[in-house]
Protein chains: 2
Amino acid sequence: VQLCGIAGTCPPPMPEPATVAVFAGDHGVHAQGVTPWPQEVTAQMVANLLRGGAAVNALGRQVGARVVVVDVGVAADLDGAPGLFERKVRRGTRDMTVAPAMTRSEAVAALEVGIEVARELYADGSRCLLTGDMGIANTTPSAALIAAFTGRPAVQVTGRGTGVDDAMLRHKVDVVTRALTRAESRVGSWADHAAARDALSTLAELGGLEHAALAGFVLGAAALRVPVVLDGVIAGSAALVAHALSPPSVGYCIAGHRSAEPGHAVALAALGLRPLVDLDLRLGEGSGAALALPLVQSSARILREMATFDSAGVTDKVVTQEEG
Amino acid sequence: VQLCGIAGTCPPPMPEPATVAVFAGDHGVHAQGVTPWPQEVTAQMVANLLRGGAAVNALGRQVGARVVVVDVGVAADLDGAPGLFERKVRRGTRDMTVAPAMTRSEAVAALEVGIEVARELYADGSRCLLTGDMGIANTTPSAALIAAFTGRPAVQVTGRGTGVDDAMLRHKVDVVTRALTRAESRVGSWADHAAARDALSTLAELGGLEHAALAGFVLGAAALRVPVVLDGVIAGSAALVAHALSPPSVGYCIAGHRSAEPGHAVALAALGLRPLVDLDLRLGEGSGAALALPLVQSSARILREMATFDSAGVTDKVVTQEEG
């Protein structure tokens, strides 16, 4: 039903070919020690993605989705490669505990990267867009955005990301809380969801460049009337931004999966989205969206290809008194 | 990990090509008015399946699985067709409320049909087997089998099947209860799971021919060391039979999905299986197994194709005091 609504026709067109866009960026808040991974892993994993060695590459091959990488903010110079969109807005964000992560114009530029990538993939034939992300420390700004847009305290929406132990998790919650407090002093309290009134400022204060681009990607997909399959907590936090900027955009979003990050369930509930896959995964990269793609395509195919009882010559059921 | 264990090698072989075997049968208990659908719909839907018009055909095309139909007990003469295995043991079961649904030798013959179909599909190249079923009224014997093998009362494991209203559901629970009481007088009480001591008698008393064949299909897949992806409540009840006959066989089973039929959750819990897809579906035919196939294949592909951090040249994480 949702696919029919998105396309404005029933049965809906097949949501294919599909492309996963992995938006990559680095994060100034990495300096606060919110992850055991060095920042250079972002660029190393981008290289791995471009070589086809990451999880989402294997999944893309399985489900028939192309994988592209968008450098919207990696803090390193990347070599050009097939499948790499070089759209760096800046080399990583600022540390959100001490300053706005982005200026408003940087946030707008990153949003526009996402919109443009959606348009270019559509122009190249894609009819289903999947979100992916790569950025060491990016669950930290995700938690901050989810807290800001839902009014929940940091402790409820901050998770272990990749390999964070108990002590580091406590520290990470503190880092998110400090960022929220700093930003609140500039854009006003979120306690009453006031942030929705200036989503762009909130995004600039707390978001990552890939979060901004992902929000734009959702808006771009919605404008193009193609479904966008969301991956995990990074996409969920970005979808909250897109929803705040344009509430109808969420109607074009399909929640690919629910990740084990606690903030993701909070974001999905706020968006009113039910995840298709729910297997305690937390890998990122777009892996959860890729796993859900066959389910999305299957639903369209059922509507397009399944015989009706009439067309198949199946005898109708006996109407009972209760129904009759 | 399960796929590696099944094959005895890591990474596991790709579970492909995959085949859905739709076991079709009719049920004497249909005479008790447990469904609004006439019995001839079974044969009509088999024809629809063989023409490629059913839901599982559309899904099979989406996920790259072949669909075959096994007539193990349809109460009608079927025309031969490509993709039809003609293995009728008898034209439907007896009414389990008044007599054993099958004799022991009929149950054994139907079990052997399932084993043979698994062997033939394997010989033809299939390396992943999916269960499907078609049989008007077949959720009724499923409920009876689940009650018998888990010791739960009929009211907890009997559901609406396809289009059963409140009054008919109350009647259906009563029918299942009467069948259990009748059978109990012959094979002894199930209250203490005694049925597990004579699974074959229990199957003969209460099962359908497709349930027996599906149990054999599971045993056959296990003997061949190929994964078998279970569909919904009919497969779940058959897997309980297979488990009772040979407990290790459940290690070869993957729960494709959890259906909305209440007995299915009970069966999966008893089997210790976690469903891959959980979307309140209740369509049968093998549809839930087909939807799960890409997830199963994706897991094998990840193990086979994903780079390690070593091979991708990714810097190791910093070991913290807590871990060090």
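## A bridge in each chain

The side chains of A:Asp198 and A:Arg104 come together in a salt bridge, with N and O 3.2 Å apart. A:Asp198 sits in the loop between helix 7 (166-187) and helix 8 (199-206) of chain A, while A:Arg104 belongs to helix 4 (residues 104-123), so this pair ties together parts that are 94 residues apart in sequence. Keep in mind that this is a predicted model. A:Asp198 is partly exposed at 31% relative accessible area, and A:Arg104 is partly exposed too, at 42%.

Chain B has a salt bridge between B:Arg104 and B:Asp198, again at 3.2 Å from N to O. Here B:Arg104 lies in helix 4 of chain B and B:Asp198 in the loop between helix 7 and helix 8, so parts 94 residues apart in sequence get tied together.

## Another link in chain A

A:Glu261 and A:Arg282 also pair up in a salt bridge, at 2.1 Å from N to O. A:Glu261 is in the loop between strand 6 (253-255) and helix 11 (262-271), and A:Arg282 is in the loop between helix 11 and helix 12 (287-305). A:Glu261 is buried, at 4% relative accessible area, whereas A:Arg282 is partly exposed at 35%.

## Where the chains meet

Now for the interface: 51 residues of chain B are in contact with 51 residues of chain A. About 4300 Å² is buried between them, and carbon and sulfur atoms give 58% of that.

Four salt bridges cross this interface. B:Arg274, for instance, forms a salt bridge with A:Asp280, with the closest N and O atoms 3.1 Å apart. On chain B's side, helix 12 gives the largest share, eight residues. That side divides into 27 nonpolar, ten polar and 14 charged residues.

Key:
Residues numbered from 1 in each chain as written. Chains lettered and ligands numbered in written order. Predicted model: local features only at pLDDT ≥ 70, side-chain atom pairs only at ≥ 80, totals over all residues. Heavy atoms only, no water. Contact = heavy atoms within 4.5 Å. Buried area = accessible area lost by both parts, 1.4 Å probe. Helix = DSSP H or I, 4+ residues; strand = E, 2+ residues; numbered from the N terminus. Nonpolar A, V, L, I, M, F, W, Y, C, P; charged D, E, K, R; others polar. Buried < 20%, exposed > 50% of the residue type's maximum accessible area, 1.4 Å probe, protein only.
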